[in-house]
Amino acid sequence: MKKKKTRKITRYLSEFSQILLWFSLMYLILSVAIYLLNLIVKIPINHLIIIYSLIIPIITIYGYIKGHKIKIKEHDLFIKNLKEEISIIHFSDVHIGSIRGEKLLKDIVSKINSTDAEIAILSGDLADGSTPIKPDDFSPLKDSKIPIIFTPGNHDYYLGLENVIKAAENANLKVLFNDKIEFKGLSIHGFFLFLRF
């Protein structure tokens, strides 16, 4: 019980720190832009106050909301010699970890199940590398009505790729690690290359 409370508090604090980091980055970028612009044209102090007190908070709030909303965009892709149409849903960079978790995975499954897609492809960064992944951390993905193919990305490697793969397999994901599968005449390849310097 104590462990769950601590983890929830940690998530809130991590999310708060990420928001502060985003604010700081926006202020830095805007400050550099204003400084460079001010070398050419003098900006009145009244305008600077408005920019710093209104524009950055609005941009930050918009970015936060947009970053936490799942949106589906449709594209047609024509593949030579494909015998029948296939509806595929693709997503990536889910970044499950200290901030994002079960709720996001449930939202993703809800979106997947609301489409007429026949297969889903998750190409990299299911985990964010901020916290070790436990065997049941991706379990909401089991509720997908269609198969999900997963190929790890660099963030999945950070705190133990084996843990991420095990949790993905426990959630019924088909892990492609430098491998391929055939689906309705389509050859789907999953490559993983991580270079250390």
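Author: This is a predicted model, in which local features need pLDDT of at least 70, side-chain atom pairs count only at pLDDT 80 or more, and totals for chains, interfaces and linings use all residues. Residues are numbered from 1 along each chain as its sequence is written, and side-chain values use heavy atoms, with hydrogens and water left out.

Reader: Which residues does Val-94 touch, not counting residues up to four places away in sequence?

Author: Contact means heavy atoms within 4.5 Å. Val-94 touches Arg-100, Leu-104, Leu-105, Ile-108, Leu-122, Asp-125 and Leu-126.

Reader: How many residues has the largest nonpolar core?

Author: A nonpolar core is a set of buried Ala, Val, Leu, Ile, Met, Phe, Trp, Tyr and Cys residues joined through side-chain atoms within 4.5 Å; buried means under 20% relative accessible area (1.4 Å probe, protein chains only). Here the largest has 29 residues, and Val-94, Leu-126, Phe-138, Leu-141 and Leu-173 have the most contacts inside it. Another core, of eight residues, lies apart from it and includes Ile-86 and Ile-188.

Reader: How many helices and strands are there?

Author: Both are DSSP runs, numbered from the N terminus: helices are H or I, at least four residues, and strands are E, at least two. The protein has five helices and six strands.

Reader: Why is the protein described as more spread out than a compact globule?

Author: The radius of gyration is taken over C-alpha atoms, and the globule rule is 2.2 Å times the number of residues to the power 0.38. The protein is more spread out because its radius of gyration is 21 Å, well over the 16 Å that the rule gives for 197 residues. Buried residues make up 32% of the 197.

Key
Buried < 20%, exposed > 50% of the residue type's maximum accessible area, 1.4 Å probe, protein only.
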